[in-house]
Amino acid sequence: MRWLRFAILILAAAIIQKGMLARWDYKTEKLRLRGFLGGKIDQPELDRILAEASVEGWELVQVLATALYQGRTQDAVLIFKRPRPAGA
């Protein structure tokens with residue numbers, strides 16, 4: 001899970017550098033991929049996550065795939081953002 005911490009730190013650094021932290025809220029969701037070695041999207045689960053996020057005002061901005069070995073992927077991390085409410 002070091003890669004996830006590293007990716008979040010890089011994203012946070014970019015956000016802080018651009019001064020965007022004050023304007024947006026961010027959240028992440030982990031999507032477990034199916035298949036013996038992963039790599040197959042669970043479409044109903046993805047649709048559920050996206051629908052729930054949309055209702056709450058979240059916009060999908062990035063998907064990070066977790067590499068196992070030889071290009072295989074076991075999980076995907078979905079990064080969402082939404083405007084921060086005024087005065088928050």
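**Exercise 1.** Find which residues form a nonpolar patch on the surface, and state how exposed V63 is.

*Solution.* Step 1: L50, L60 and V63 form the patch, and together they have about 210 Å² of accessible area. Patches are made of residues with over 30% relative accessible area and no salt bridge; like charges are joined within 9 Å, nonpolar side chains (Val, Leu, Ile, Met, Phe, Trp, Tyr) within 5 Å. A salt bridge is a side-chain nitrogen of Lys or Arg within 4 Å of a carboxyl oxygen of Asp or Glu. Accessible areas come from the Shrake-Rupley method with a 1.4 Å probe, and for residues only the protein chains shown count as cover.

Step 2: V63 sits in strand 2 (residues 59-67). Helices (H or I, at least four residues) and strands (E, at least two) are DSSP runs, numbered from the N terminus.

Step 3: V63 counts as partly exposed because its relative accessibility is 44%. Buried means under 20% relative accessible area, exposed over 50%, and partly exposed in between (1.4 Å probe, protein chains only).

The model is predicted: local features need pLDDT of at least 70, side-chain atom pairs count only at pLDDT 80 or more, and totals for chains, interfaces and linings use all residues. Residues are numbered from 1 along each chain as its sequence is written, and side-chain values use heavy atoms, leaving out hydrogens and water.

**Exercise 2.** Describe the surroundings of D25.

*Solution.* Step 1: D25 belongs to strand 1 (residues 24-32). With a relative accessible area of 19%, D25 is buried.

Step 2: Its side chain makes a polar contact (a pair of N or O atoms within 3.5 Å; within protein, one must be able to donate a hydrogen and the other to accept it, and residues adjacent in sequence count only if both atoms are side-chain atoms). The partner is the side chain of R84, at 2.8 Å.

Step 3: Neighbours within four places in sequence aside, D25 is in contact with residues including W58, F80 and R84. Contact means heavy atoms within 4.5 Å.

**Exercise 3.** Where in the chain are the partners of the salt bridges K30 to D75 and E52 to R48?

*Solution.* Step 1: The side chains of K30 and D75 form a salt bridge (3.9 Å, N to O). This pair links distant parts of the chain, with K30 in strand 1 and D75 in strand 3 (residues 73-83), 45 residues apart. K30 is partly exposed at 49%, whereas D75 is buried at 7%.

Step 2: E52 and R48 also pair through their side chains (2.9 Å, N to O). They are separated by about one helical turn because they are four residues apart in helix 2 (residues 43-55).
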